[in-house]
Amino acid sequence: IDLPDSVKSLYWKTFKDCASLKQITLPSGIKEIPSYFFDGCVSLEIIDLPSGGTKISEYSFRNCKSLVSVTFPATLKTIDGNAFLNCSSLTEITLPDSLKTIDAWAFKGCTKLNRIRIPESVTKINAKAFLNCKKLTICAPPESRAAKFAKTNKIPFIQE
């Protein structure tokens, strides 16, 4: 699916349970991925989020079990709770330097997630953001919120 740039906003549940959707091009200028937007898109493999986006809402990518690649916009500020719940094929994520907040259960159940780069800009990470991510290693600057989070939660840490 290729949505044209004339689309200026997205609505919740638009592609919910579209089991055959593998790849989509979202229009530039979209500020938010709404709640449940791709929920249950079990075949979705790759998503390049549009530039200018600032928020990924709750349950946006829940149960996207084939999702292996997410490219985040350089303007992203918030990843809401449960945004990537049970995205069990994600292995590596690099979060943008603009990000401020990772909410509860944002990556819960991402069982293959083994590495995430969290920038120094992140000032809030909910204690349950990475629940059941047993293979996870956090990469971040040494005095960052992410470094403290990794230590507190006994998550392996690599200093950038």
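Let's start with Lys124, which counts as partly exposed at 42% relative accessibility; partly exposed sits between buried, under 20% relative accessible area, and exposed, over 50%, using a 1.4 Å probe and protein chains only. Its partner is Asp103, and the two side chains meet in a salt bridge at 3.1 Å, N to O. By salt bridge I mean a side-chain nitrogen of Lys or Arg within 4 Å of a carboxyl oxygen of Asp or Glu. Lys124 lies in strand β10 (residues 124-125) and Asp103 in the loop between β8 and β9, so this pair ties together parts 21 residues apart in sequence. Strands (E, at least two residues) are DSSP runs, numbered from the N terminus. Asp103 is buried, with a relative accessible area of 17%.

A quick word on the source: this is a predicted model, where local features need pLDDT of at least 70, side-chain atom pairs count only at pLDDT 80 or more, and totals for chains, interfaces and linings use all residues. Residues are numbered from 1 along each chain as its sequence is written, and side-chain values use heavy atoms, leaving out hydrogens and water.

Now, which side chain does Asp97 meet in a salt bridge? That is Arg117, at 2.9 Å, N to O. Arg117 lies in strand β9 (residues 115-117) and Asp97 in the loop between β7 and β8, so parts 20 residues apart in sequence are tied together. Asp97 is exposed at 56%, while Arg117 is partly exposed at 21%.

Arg117 also meets Glu160 in a salt bridge, at 3.0 Å, N to O. Glu160 lies in the segment after β12, so here the pair links parts 43 residues apart in sequence.

By this rule, the count comes to seven salt bridges.

Note on methods. Helices (H or I, at least four residues) and strands (E, at least two) are DSSP runs, numbered from the N terminus.
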